[in-house]
Amino acid sequence: MYQTTDFTKGLKVEYRDEVWTIVECQHVSPGKGSAFVKTKLKSLQSGRVLELNFKAGVDKLDVPDVETHSMQYLYHDGDSYHFMNEKTYDQIKLSKEEIQDAHYYLQENSVVKVVFYKGKAVSVDVDNFVELPVQETQPNIKGDTSSGGGKPATLSTGLTVVVPFHVIEGDVIRIDTRSNKYMEKVK
């Protein structure tokens, strides 16, 4: 059982027979009344988000039966995303709903962490930073570099991010998967 003092961002918990990830948590001590922990939970199975308050030091959440396996992303067939366990060569497939926004960071043959709940694959965890090539962006316009702004760029996976004006098609850039923000151009 997890106590409210164990709650941290990214912790996986079991609530109402589902696995949830704590997206945000904040300990609140109001001037009147007892302290509580304000949380935002995201379901690994459905992707829905709940905002809940738990009484500090009183409420508890279960530890989920979760395993993570490193698996190689093979391909997308239109309906499902296919992964292979690198040790056993077992293959699984997940729907777009199950992997949620992780499909924007999947490149063929890349290795990701697949989360299993009670023996069934339920979601994909990608690294905090990924490197993706720029597929399409506007050409550079002379004089734009001093404005400090940016331009939209579509990456090889279909994700659109705002990049600095010096980034051109074919460049490989590093993206923060938690915020979908450009971090740097990869040399």
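What follows are my notes on salt bridges, one hairpin and one histidine.

I am working from a predicted model, in which local features need pLDDT of at least 70 and side-chain atom pairs count only at pLDDT 80 or more, while totals for chains, interfaces and linings use all residues. Residues are numbered from 1 along each chain as its sequence is written, and side-chain values use heavy atoms, with hydrogens and water left out.

Salt bridges. I took a salt bridge as a side-chain nitrogen of Lys or Arg within 4 Å of a carboxyl oxygen of Asp or Glu. By this rule I get 10 salt bridges. I looked up Glu131 and found that it pairs with Arg174, with the closest N and O atoms 2.4 Å apart. This pair links distant parts of the chain, Glu131 being in strand β12 (residues 129-137) and Arg174 in strand β15 (residues 172-176), 43 residues apart. Strands here are DSSP E runs of at least two residues, numbered from the N terminus.

Arg174 also forms a salt bridge with Glu184, at 2.0 Å from N to O. Glu184 lies in strand β16 (residues 181-185), 10 residues from Arg174 in strand β15.

For burial I used relative accessible area with a 1.4 Å probe on protein chains only: buried is under 20%, exposed is over 50%, and partly exposed is in between. Arg174 counts as partly exposed because its value is 22%. Glu131 is partly exposed at 35%, and Glu184 is partly exposed at 37%.

I then checked Arg178, which meets Asp176 in a salt bridge of 3.0 Å, N to O. Arg178 is exposed at 54%, whereas Asp176 is buried at 9%. I also noted a network of salt bridges linking Glu24, Lys40 and Glu51.

Strand β13 (residues 151-155) runs antiparallel to β14, and four bridges join them; pairing requires at least two DSSP bridges between two strands. Lys151 is opposite Val163 in β14. Four residues lie between the strands of this hairpin, and Gly158 takes a positive phi near 100 degrees. In a regular strand the side chains alternate between the two faces of the sheet. For β14 (residues 160-163) I find Val161 and Val163 on the covered face, and Thr160 and Val162 on the uncovered one.

Histidine. Is His82 buried or exposed? His82 counts as buried because its relative accessibility is 10%. His82 sits in strand β8 (residues 80-85). Leaving out residues up to four places away in sequence, I list its contacts (heavy atoms within 4.5 Å) as Gln72, Tyr73, Leu74, Tyr75, Asp77, Ile92 and Lys93.
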